[in-house]
Amino acid sequence: MATTPQWIMVGGDGPESYSQHSSYQRALWETAKEKMNEAISAKLSLDLISDRFCVADFGCASGPNTFVAVQNIIDAVEDKYRKETGQNPAENIEFQVLFNDFSTNDFNTLFQALPPGRRYYSAGVPGSFFGRVLPKHSFHIGVISYAFHFTSKNPKGITDRDSPLWNKDVHCTGFNEAVKKAYLDQYSADTKNLLDARAEELVPGGLMLILGSGLRDGVKISETAKGIMMDFIGASLNDLAQQGVIEQDKVDSFSTPLYVAEEGELRQIIKENGKFTIEAFEDIIHPNEELPSDPKILAVSFRASFGAFLSAYFGEDTMTKVFELVEVKARKEFSKIQNAKPGMQYLIVLRKN
Ligand SMILES: C[S@@+](CC[C@H](N)C(=O)[O-])C[C@H]1O[C@@H](n2cnc3c(N)ncnc32)[C@H](O)[C@@H]1O
């Protein structure tokens, strides 16, 4: 069985890059800012804010969203310190930010774009966040933004045509019960490993702030705009196979290592893991509602997120053709996207037990 390629974003800062097409994810940070400030103010112990304060972003990509995320956190920590001690944080606290992603992530673009005038020291931390990437007790607040829906690999049997678990779709649409269970089991095991690793790396009482896309209970991803777009990617790959551009076998043995969980599933996984207390679970209303309202921008933004993964499997030419077809489909069926069931954008605040 082929190994699952690493799911990195399109690097650089060119017209097709993630750094140019991630304003949707960034907007959630603006909306969630107040709730995040409240959580830091109420749930972070003042004792943890001392001379050195460390923030770690897991799945940081190549910017610029990670800079917004960590700056918001640092502002909130400084604010709390100023209010509760009456002292100037700039005189007493040094901040460090640890940027984690796969080693194949475009860290060069990230470091070249570090905001001038920032008040923190930076370091890159390469490696999969499903395992330990940092020493014990090395950071005070961790953040995961739009990276809490990945699995470490496709579940067993999913890409094997001869298996009863074979997934004819390119992602877990939610409509096939057996496929959904296989994905949920894989997601649950991976997410528990992720939480175990962060629990070791966080200082006692430290916080994890998790922002991302989920589903309200009972909603299937393919009933939402995001799922419909992923279905278009699958349909486009099948079109190319029918045209003889790629082999049908290759499409049949392709699936995506991600699972967009329902709120109840997320709560249960965190509870079963037992290392963290859920301090807040907010359903954030995204200012753009579901997704950008132009089929071309939609196709380009999905390309920025999915393009590098598809290229690793099918090659760049095929990936480019796929997204040309995705744009046509999105344009043709735009009303379906607009009338889709809403997904959910969440802010989860976890405190280490
Ligand atoms: C959709 S991007 C989100 C980037 C950024 N946090 C934001 O909010 O815009 C997901 C990021 O998670 C990273 N990622 C996925 N799986 C990972 C893993 N197992 N370990 C570390 N990073 C991972 C990808 O490389 C990618 O940069």
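Predicted model: local features only at pLDDT ≥ 70, side-chain atom pairs only at ≥ 80, totals over all residues.
Residues are numbered from 1 along each chain as its sequence is written, and side-chain values use heavy atoms, with hydrogens and water left out.

I started with His137, in the loop between S3 and S4. Helices (H or I, at least four residues) and strands (E, at least two) are DSSP runs, numbered from the N terminus. His137 is not a glycine, yet its phi is positive, about 55°. At 43% relative accessibility, I put His137 down as partly exposed.

Tyr146 also has a positive phi, near 55°, and is not a glycine either. I found Tyr146 in the loop between S4 and H5. At 11% relative accessibility, Tyr146 goes down as buried.

I then checked for a cis peptide bond and got one joining Gly63 and Pro64, with omega about -5°. Pro64 sits in the loop between S1 and H2.

**The sheet**

Next I traced the strands, pairing two if DSSP finds at least two bridges between them. I get an open sheet of seven strands with mixed pairing, in the order S3-S2-S1-S4-S5-S7-S6. S3 (120-126) and S6 (276-284) are at the edges with a single partner strand each, so one side of each has no neighbour in the sheet. From one strand to the next, the twist averages 15°.

S1 (residues 52-58) and S2 (residues 94-101) run parallel and are joined by seven bridges. Which residue in S2 is the bridge partner of Phe58? I read off Asn100.

Helix H2 (residues 65-85) packs on the sheet, touching S1, S2, S3, S4 and S5, and its direction makes about 150° with that of S2. Here axes are lines fitted to C-alpha atoms, for helices over the stretch in contact, and angles run from 0 to 180 degrees between N-to-C directions. Contact means heavy atoms within 4.5 Å. H5 (residues 177-201) packs on the sheet too, touching S1, S4, S5, S6 and S7, at about 145° to the direction of S5.

**Leu211**

Leu211 lies in strand S5 and is buried, with a relative accessible area of 0%. Beyond its neighbours within four places in sequence, its contacts include Leu28, Trp29, Ile144, Tyr146 and Leu347.

**Cores and H6**

I counted as a nonpolar core any set of buried Ala, Val, Leu, Ile, Met, Phe, Trp, Tyr and Cys residues joined through side-chain atoms within 4.5 Å. The largest has 73 residues, and Ile233, Leu237, Leu310, Phe323 and Ile337 have the most contacts inside it. H6 gives the most to this core, nine residues. A second, separate core of 40 residues includes Val77, Val97, Ile284 and Val349.

In H6, 13 of the 18 residues are buried. After H6 comes Gly244, with a positive phi near 80°.

**Rings**

Last, I paired rings of Phe, Tyr and Trp (its six-membered ring) if their centres lie within 6.5 Å, calling planes under 30 degrees apart stacked, over 60 edge-to-face and the rest tilted. That gives 14 aromatic pairs. Phe58 and Phe139 have ring centres 5.4 Å apart and planes at 55°, so I logged the pair as tilted. Phe58 is in S1 and Phe139 in S4, 81 residues apart. Both are buried.

Key. Buried < 20%, exposed > 50% of the residue type's maximum accessible area, 1.4 Å probe, protein only.
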